[in-house]
Amino acid sequence: MNLEELLAIQKETKQKRQQKPKQIRCCIASGCLSCGAESVKKSLDNAIKEAHLEQEVEVLGVGCMGICGRGPSIEIDPETTLYHNVTLENIPAIITSLNQTKTSENLPPQGDLNHPFFAYQKLIVRENSGKIDPDNIDDYIAEGGYQQLHHVLLEMTPNDVIKEVTKSGLRGRGGGGYPTGVKWATVAKMPGQQKYVICNADEGDPGAFMDRAVLESDPHRILEGMAIAAYAVGANHGYIYIRAEYPLAIKRLEKAIQQAKRYGLMGSQIFDSPFDFKIDIRVGAGAFVCGEETALIASVEGKRGTPRPRPPYPAESGLWGDPTLINNVETYANIVPIIREGGDWYASIGTENSKGTKVFALTGKIENNGLIEVPMGTSIRTIVEEIGGGVLDQGTVKAVQTGGPSGGCIPAHLLDTPVEYDSLQKLGTIMGSGGMIVMDQDTSMVEIARFYMDFCQEESCGKCIPCRAGTVQLYDLLTKLVERKATQQDLDQLEALCQMVKDTSLCGLGMTAPNPVISTLQYFRDEYVSLLQVT
Amino acid sequence: MVVKTLIINNQLLTASEDQTILEAAKDAGIDIPTLCHLDGVSDVGACRLCLVEIEGSSKLQPACVTQVQEGMVIQTETEKLQTYRRMAVELLFAEGNHVCAVCVVNGNCQLQDVAVRVGMDHSRFPYQFPQRKVDLSHPQFGMDHNRCILCTRCVRVCDEIEGAHVWDVASRGGQSFIVSGINQPWGDVNACTSCGKCVDACPTGAIFRKGSTVAEMNHDPEKIRFLVTAREQKEWTR
């Protein structure tokens, strides 16, 4: 493959797509599939055939359109009509409406693309999502795919790439927020012939599905991002560590890797440059702790997924003792646009210390559930009230939980806080990988804390005492509270133990496990106190 | 060899650059409690008892895996550390079924020693009373999971010194337990050479020699260190 061939595929695919005047795009990501998108697409295919419209209408399976709570969603071009909650009964009406302006009663509810849900978003990571067929590499190439890899390999030095990423101000999207450029530079500077890049796709937070949607909607974007990273740090081998609970994402990634290999975009001497790169998929059994980089590496090596003390950091001694770069799915997904538009462009989006956009999985007691991508600095209120459309049944927001089991709750009076790494941390929560759960007035914060503690005690790897035994005791104390059997002494012990588990645990899972308790205690202490036994 | 100078508990001392804080402290006669560390096998930093405060770092660091650095200022007995250590030991006692009066190592038990060392006379956490098994399938030895604290010293000694890898950890969180072979009774594990190193490595009465009555059994963890020195440096005297 060379650039001419790549551009030829781009041109050809675009022309092919324009041949038919109409296009129906059906979301076939997990969210919509779970409410019947597959049969909707099949029926559409059949109905088009029966109506002899094959020459005029193309039905395309695409990735996530964002508004997952109203699936299955379809979009019809060129009018860009969006339909929600499509059922099989709607299909005849949809087919009829294709040629006539006549509206039918049987049409599914129509979505409004000017609604704040779409209008307030800025798509960088998800720019191809819902537009291209994730199973077709040509679709990705049509959107300019793999051109940045070509540009990087033939026109940039590894150092140039790192400089561009550093300039962008991108920070790790897995939750920690470590500057990506610095991480890349560290691995690049490490001596050694063999280095690795790893994509952390072990998304396990309750309520988070960003990485899954990105992988299911645009798998080549991750492959290209990883290849660019590998070139920058001097690696020739990549691993995608993904949990077995994401079978569709795994299937699409496998297909994407095969297609990239067939096109010579992966393998040896890519674009006739000296750069070799291959990617293997490692399927994890689904353990929350395997999101922790040292546990993840142990799991890739085929060992029990338990963390080890750092230093040494993976950049120094990672997979099989070699320097290893680990980034999250969303971090890699940001690389192609950064190279294409430049680091300065990326740095112009967002805030002083948090650049670019962030993808959130907006869920809970909210009108519009789904995936959103907003510029950093957008206030939580905008996300909840405008994009999310407010709380269900005219309820009120009590709190917004971010960061999953490692995060905390933001109370209603602080909703004007901008979404940034530092501002969230100041409130005692974190960005995390991007789960955002809206809670209404009827939510018991103690029970929420107990829910997360239950998750953590189950997901603790069992290696260190504070996390293994401490989370069990914390869970029991919270249960005692919920059952109204706790005393002031129990509450004091709860607080002391939270601090101990936080300060003494071996890895991030244990260190952050008490956060949901600590943050709810900070903002909703009344609720804890009101549950105490009167003595 | 490069020598580093550092301060532990206001005491100025020297250590070689490849030493950990734990080793340097030990050489200087400063006792830092630990349960998962065993001379001669790798360190895992799991028990968290050897956490120390290092000036300039907000995070507590495990002494067993932290290398000494020139000019380090370390505190090993601050109030915070003492509180946390006691809590950790309390958590351990509440987690298993530790009944000293009927234990083969009563009086010769590192968990007991550590409890005394950190000033723990009772656990403020409610006991879990888990249902755990006792494996007596091995002709010479026994494994009482009720007394296991999951320090993984047996796992490491069997893997790294004996090279048999009979032991490993199974399951997760509070359900974790030491597993023999591929979850077989110990006596059925062909890989076991009956060398008894795990017995010597065990800090509690979890792995014991059969036929020892209560408080009769002596562990000899020093033997592991001796074996390693003997093999590596050809020093065969103890």
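The radius of gyration used here is taken over C-alpha atoms, and the globule rule sets it at 2.2 Å times the number of residues to the power 0.38. For the 238 residues of chain B, a compact globule would have a radius of gyration near 18 Å, and the 19 Å of chain B agrees with this.

This is a predicted model, in which local features need pLDDT of at least 70 and side-chain atom pairs count only at pLDDT 80 or more, while totals for chains, interfaces and linings use all residues. Residues are numbered from 1 along each chain as its sequence is written, chains are lettered from A and ligands numbered from 1 in the order in which they are written, and side-chain values use heavy atoms, with hydrogens and water left out.

**The two chains**

Helices (H or I, at least four residues) and strands (E, at least two) are DSSP runs, numbered from the N terminus. Chain A has 23 helices and 14 strands. Its radius of gyration is 24 Å, close to the 24 Å from the globule rule for 535 residues, so chain A is as compact as a globular protein of that length. Chain B has six helices and ten strands.

The table uses two further terms. A residue is buried under 20% relative accessible area, exposed over 50% and partly exposed in between (1.4 Å probe, protein chains only). A contact means heavy atoms within 4.5 Å.

| Chain | Span of C-alpha trace along principal axes | Buried residues | Share joining residues at least 24 apart, among contacts between residues at least 6 apart in sequence |
|---|---|---|---|
| Chain A | about 80 × 65 × 40 Å | 62% of 535 residues | 73% |
| Chain B | about 55 × 50 × 30 Å | 52% of 238 residues | 61% |

**Inside chain A**

Helix α7 of chain A covers residues 147-155, and its buried residues include Gln148(A), Leu149(A) and His150(A). Among the elements that cover the buried residues of α7(A) are α1 (3-19), α8 (158-168), α11 (219-233) and α15 (335-341) of chain A.

Thr180(A) is in helix α9 (residues 180-189) of chain A. Thr180(A) is buried, because its relative accessible area is 0%. Leaving aside residues up to four places away in sequence, Thr180(A) touches Val165(A), Leu170(A), Arg171(A), Gly172(A), Asn327(A) and Thr331(A).

Ser97(A) is in helix α4 (residues 91-99) of chain A and counts as buried at 15% relative accessibility. A polar atom of the Ser97(A) side chain lies 2.7 Å from the backbone oxygen of Ile94(A). Ser97(A) and Leu107(A) are ten residues apart along the chain, and their C-alpha atoms are separated by 8.5 Å.

**Where the chains meet**

The size of an interface is often given as the accessible area lost when the parts come together. Between chain B and chain A the buried area (accessible area, 1.4 Å probe, that two parts lose on being put together, summed over both) is about 2,500 Å². Carbon and sulfur atoms give 57% of this area. In the interface, 31 residues of chain B are in contact with 31 residues of chain A.

The count is one salt bridge (a side-chain nitrogen of Lys or Arg within 4 Å of a carboxyl oxygen of Asp or Glu). Arg468(A) forms a salt bridge with Glu95(B), with the closest N and O atoms 2.7 Å apart. α2 (79-95) and β8 (167-170) of chain B each supply at least two residues of the side of chain B that touches chain A. The largest share of that side, eight residues, comes from α2(B).

Technical notes
A polar contact is a pair of N or O atoms within 3.5 Å; within protein, one must be able to donate a hydrogen and the other to accept it, and residues adjacent in sequence count only if both atoms are side-chain atoms.
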